[in-house]
Amino acid sequence: MSKDQLMTIREMCDMFEVTPRTLRFYEQKELLFPIREGQKRLFTLKDRARLKLILRGKRFGFSLEEIRQLLNLYNKDDQRLQLARTYEVAQKRLGDLVSQRDELNTAINELEEQMKWGGEMLQSLSAQNAAE
């Protein structure tokens, strides 16, 4: 592998806007497998692709364990299993997100109603105090 295909931890951090601690954590959780040269970590093209998928999975709310399992299903010759399992996990997560959105919309509507009532009460009380 040529040196121009490898990235240092600093280059990875800059490219993906993560901290060195994050990369070391993902390595500890067996999500990334950089080449070790003493204390130095060198990341391959495969590591960059994996990190991109990890960050996307985290943004979608997948657990690190789900992400690890999905990444471990990768097989260049047959990607159907990984894709099918990813689709299944994504479908469940989408259902969870839609449910959370609906709950938030309900809470927002109720809070807006309470604030409207509270505003009207404040105006009424202020008017009473001014009349006295």
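This is a predicted model: local features need pLDDT of at least 70, side-chain atom pairs count only at pLDDT 80 or more; totals for chains, interfaces and linings use all residues.
Colleague: Why do the buried residues of helix 2 line one face of the helix?
Modeller: Helix 2 covers residues 20–28, and its buried residues are Leu 23, Tyr 26 and Glu 27. Seen down the helix axis, these buried residues of helix 2 line one face because they fall within an arc of 105°.

Colleague: Which exposed residues does helix 2 carry on the face turned away from its buried side?
Modeller: The buried side of helix 2 packs against helix 1, strand 2, strand 3, helix 3 and helix 4. On the face turned away from that side, the exposed residues are Arg 21 and Gln 28.

Colleague: Which element gives the largest share of the lining of the largest pocket?
Modeller: The largest pocket holds about 330 Å³ of space, and among the 14 residues that line it, Arg 56, Gly 57, Phe 60, Phe 62 and Thr 86 are the closest to its centre. Two or more lining residues come from each of helix 3, helix 4 and helix 5. The largest share, six residues, belongs to helix 5.

Colleague: How many charged residues are in the lining of the second largest pocket?
Modeller: This pocket, with a volume of about 180 Å³, has a lining that includes Lys 46, Arg 50 and Lys 76, and helix 3 supplies the largest share of that lining, four residues. By class, the lining has four nonpolar residues and one polar residue, while the number of charged residues is three.

Note on methods
Residues are numbered from 1 along each chain as its sequence is written. Side-chain values use heavy atoms; hydrogens and water are left out. On a 1 Å grid over the protein atoms alone, a cavity is a set of points where a 1.4 Å probe fits but cannot get out, and a pocket is an open set with protein on both sides within 12 Å along at least five of seven lines; lining residues have an atom within 4 Å of a point. Grid points are joined across faces, edges and corners, and a volume is the space filled by probe spheres set on the points. Ala, Val, Leu, Ile, Met, Phe, Trp, Tyr, Cys and Pro count as nonpolar, Asp, Glu, Lys and Arg as charged, and the others, Gly among them, as polar. Buried means under 20% relative accessible area, exposed over 50%, partly exposed in between (1.4 Å probe, protein chains only). The arc is that of the directions from the helix axis to the C-beta atoms. Contact means heavy atoms within 4.5 Å.
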